[in-house]
Number of protein chains: 2
Amino acid sequence: MARIVTPAVATDIIIRLQEWPERIVLVQRRNPPRGLALPGGFVDVGECVEQAAVREALEETGLQVQLQALLGVYSDPSRDPRGHTISVVFVADGRGELGTGDDAAGVRLVDPGDSALDLVFDHALILADYRRFVRTGYLPRPRR
Amino acid sequence: MARIVTPAVATDIIIRLQEWPERIVLVQRRNPPRGLALPGGFVDVGECVEQAAVREALEETGLQVQLQALLGVYSDPSRDPRGHTISVVFVADGRGELGTGDDAAGVRLVDPGDSALDLVFDHALILADYRRFVRTGYLPRPRR
């Protein structure tokens, strides 16, 4: 087909470890925008988003993840200052030893309700949706 | 940022009408692949997926839709023979008069469980997930 121009597609993963079920993994970004972010990255052509999520989680945190739920799709055109990127966000359980991948300056296990986290992109919104999901069992409704 | 190459992003909408809650709207495609498909189309750069879904539903069916749930994200690289396209699929309620848009050769109100439907792309899989959601209330789990 003619080259279709759409937003880019990425995936981000909210990873919980069995030993710390109330905490999640964040990465300290090495590249701008600097700050804390969910592990994630772009989806490659030829790979499904679930594969991309498992691959990015492993690359960025050293963890093997099992995807448990699709939290939502975040697509506000201004959510990424580098260009319009849609993120498919999964909730996952992680196993293995937490480590720092190539694209990260560090990894942290944090309380997702900690208001002092220096989060980039729209990851504060995503974590607010995640906390509501944990508390109520309800996934976010489509935004108007 | 450097031009990132990812799959294209589209949205498809499962539209129910208040008068026919057990049926959904399909469009007869004018362009290849020929067959029946959910109303939908590509997401534009600068528009969020929810806006794209409301716009495409209106363009293809004449209906104003209210998005009720995110059914899933379908991203198998072989799902669209024209190239790797990820679809964000919503369940929506439609209002207005059902009509045929520019890209469609016709619209139909069908029973989503009708096994004789000549569905294109992976829309038979999407409708199987939708029927399970209607029956059980459970959204599809992330695929392995």
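In the predicted model, chain B is superposed on chain A by a rotation of 180° with 0.0 Å of shift along the rotation axis, and the RMSD of this superposition is 0.0 Å. Such a relation is that of a two-fold axis. The two copies use the same surface, since 100% of the contact residues of chain B recur in chain A.

Part of the contact between the chains can be described from G46(A). This residue lies in the loop between β4 (40–42) and α1 of chain A. Leaving aside residues up to four places away in sequence, G46(A) touches P77(B) and H84(B). Between the C-alpha atoms of G46(A) and D114(A) the distance is 37 Å, with 68 residues separating the two in sequence.

The cysteines were examined next. Over all chains, a search of the whole structure finds 0 disulfides. A disulfide is a covalent bond between the sulfur atoms of two cysteines. C48(A) has a relative accessibility of 15% and therefore counts as buried, the limit being under 20%. C48(B), at 14%, likewise counts as buried.

In chain B, strand β6 (residues 85–95) has pairing partners that include β1 and β5. Strand β1 (residues 8–17) runs parallel to β6(B) and is joined to it by 10 bridges; within this pairing, T11(B) has V88(B) as its bridge partner. Strand β5 (residues 64–74) runs antiparallel to β6(B), with 9 bridges between them. Opposite pairs in this second arrangement include Q64(B) with R95(B) and Y74(B) with S87(B). Both β5(B) and β6(B) are mostly shielded from solvent. In β6(B), 9 of the 11 residues are buried. In β5(B) the buried residues number 8 of 11, so the strand is largely enclosed by the rest of the structure.

A sheet of another kind is found in chain A, where 3 strands form an open sheet in the order β3-β2-β7 with antiparallel pairing. Its edge strands are β3 (36–37) and β7 (104–110), each of which pairs on one side only. Strand β2 (residues 24–29) of chain A is joined to β3(A) by 2 bridges, and V27(A) stands opposite A37(A).

Helix α1 (residues 49–61) of chain A contains 13 residues, which at 1.5 Å a residue should span 18 Å; the end C-alpha atoms are 18 Å apart, in agreement with that value. The buried residues of α1(A) are V49(A), E50(A), A52(A), A53(A), E56(A), A57(A), E60(A) and T61(A). These residues cover an arc of only 155° around the axis and therefore lie on the same side of α1(A). Just after the helix, G62(A) adopts a positive phi of about 75°.

Helix α2 (residues 123–136) of chain B was treated in the same way. Buried positions in α2(B) are H123(B), I126(B), L127(B), D129(B), Y130(B) and F133(B). Because the arc that they cover around the axis is only 160°, they fall on the same side of α2(B). The elements covering these buried residues include β1, β2 (24–29), β3 (36–37), β5 and β6 of chain B. The helix is followed by G137(B), with a positive phi near 85°.

Most residues other than glycine have a negative phi, and most peptide bonds are trans. In chain A, a cis peptide bond with omega of about -5° joins P32(A) and P33(A), and P33(A) belongs to the loop between β2 and β3. In chain B, the bond from P32(B) to P33(B) is also cis, with omega near -5°; P33(B) is found in the loop between β2 and β3 of that chain.

F121(A) has a phi of about 50° although it is not a glycine, and its place is the loop between β7 and α2 (123–136) of chain A. With a relative accessible area of 23%, F121(A) is partly exposed. For F121(B), phi is again positive at about 50°, and the residue is located in the loop between β7 (104–110) and α2 of chain B. F121(B) is partly exposed, its relative accessible area being 23%.

Key: Residues are numbered from 1 along each chain as its sequence is written. Chains are lettered from A and ligands numbered from 1 in the order in which they are written. This is a predicted model: local features need pLDDT of at least 70, side-chain atom pairs count only at pLDDT 80 or more; totals for chains, interfaces and linings use all residues. Side-chain values use heavy atoms; hydrogens and water are left out. Copies are superposed by least squares on the C-alpha atoms of residues with pLDDT of at least 70 in both. Contact means heavy atoms within 4.5 Å. A disulfide is a pair of cysteine sulfur atoms within 2.5 Å. Buried means under 20% relative accessible area, exposed over 50%, partly exposed in between (1.4 Å probe, protein chains only). Helices (H or I, at least four residues) and strands (E, at least two) are DSSP runs, numbered from the N terminus. Two strands pair if DSSP finds at least two bridges between them. The arc is that of the directions from the helix axis to the C-beta atoms. The expected span of a helix is 1.5 Å times one less than its number of residues.
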